[in-house]
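Here is a short report on one protein. Look at the sequence and the model, then read on.

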Amino acid sequence: MGIPRRAVLLGGAGLVAAAGTYGALTPRGRRLLGWTGPDGVVPDVPPVPVRSTPWGAWMGSSGPAVLVLHGRGGSVAWWEDLGLPRFLHGAGFRCAVVNGGEDYWVDLAPPVPFEAALGVSMGGFGVLDIASRQPVKAVAAISPALFPTWEDAERINGFASREVWEQHEPLRHTDRITSPVGVWCGREDPFHDSAQELARAVGAVGSFEHGEHDGGYWRRVLPDAVRFIENRL
């Protein structure tokens, strides 16, 4: 007995609807539907002073020093484009913003003494790595680029060897992170699960709301990260 044409058509429609729903649940689908949350806005306030140095720049003129590490391929200008000098308006600390390369900060020798640290993406990896090596008053990691396995880390070609990654990967050294930690990472971010795993392991505060691995999300949560640091200095 054949299948009625109406049943075939209804079944096909159901498959299309199911595929559409599944597509919407992927990160790309959520982005297209606007489900990744609103973009943050740089506040309309005067920026703090930015003073160039051989290793990067100071942002702000007084208060405790906070080490600031950019994402891969970034720079002081990257932070300026993100709006950090304006987000720091009224903050009670100054930032030592370091220019780096693409080696996930594993060779970093901090250029100045510092009491707290802030990083985004690769910089989030970097500040968490630092926190596993020395205590600080606060560590704010936004969308930290963390890798559960060497296979994951190897794909991005950011480490000289497996041994280097093993020595520095924060997920492998959560027992050594005893400083207050804040972690913010969007649900549509490819590093979401790893960031959440680390946050649970170290008892971090922060949030894991909808958001991508991009400037819109980082601008949205930067005020929380700045407050987190300021409240602990």
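What share of the 233 residues in the protein is buried? Buried residues make up 48% of them. Here, buried means under 20% relative accessible area, exposed means over 50%, and partly exposed lies in between (1.4 Å probe, protein chains only).

## The model

This is a predicted model: local features need pLDDT of at least 70, side-chain atom pairs count only at pLDDT 80 or more, and totals for chains, interfaces and linings use all residues. Residues are numbered from 1 along each chain as its sequence is written, and side-chain values use heavy atoms, with hydrogens and water left out.

## Overall picture

The protein has nine helices and eight strands. Both are DSSP runs numbered from the N terminus: helices are H or I with at least four residues, strands are E with at least two.

Take the contacts (heavy atoms within 4.5 Å). Among those between residues at least 6 apart in sequence, 65% join residues at least 24 apart. The accessible surface comes to about 11,400 Å². Carbon and sulfur atoms hold 52% of that surface. These areas come from the Shrake-Rupley method with a 1.4 Å probe; for residues, only the protein chains shown count as cover.

Two strands pair if DSSP finds at least two bridges between them. Strand β1 (residues 50-53) pairs with β2 (residues 56-59) in the antiparallel sense, over four bridges. A hairpin links β1 to β2 through two residues. V50 stands opposite M59 in β2.

β2 also pairs with β4 (residues 94-98), again antiparallel and over four bridges. There, G56 stands opposite V98 in β4.

## Helix α8

Which residues of α8 (residues 192-202) are buried? They are H192, S194, A195, L198, A199 and V202. Seen down the axis of α8, they fall within an arc of 165 degrees, so they line one face of the helix. The arc is that of the directions from the helix axis to the C-beta atoms.

These buried residues pack against α5 (122-131) and β7 (181-184). On the other side of α8, D193 and R200 are exposed. Just after α8, G203 takes a positive phi of about 70 degrees.

## Helix α9

Helix α9 (residues 215-230) has 16 residues. From first C-alpha to last, α9 reaches 22 Å, close to the 22 Å expected at 1.5 Å a residue. The expected span is 1.5 Å times one less than the number of residues.

Where does α9 bend? α9 bends by about 40 degrees at V221, and a proline, P223, follows within four residues. The bend is the angle between axes fitted to the seven residues ending there and the seven starting there. V221 is buried, as are other α9 residues, including W218 and F228.
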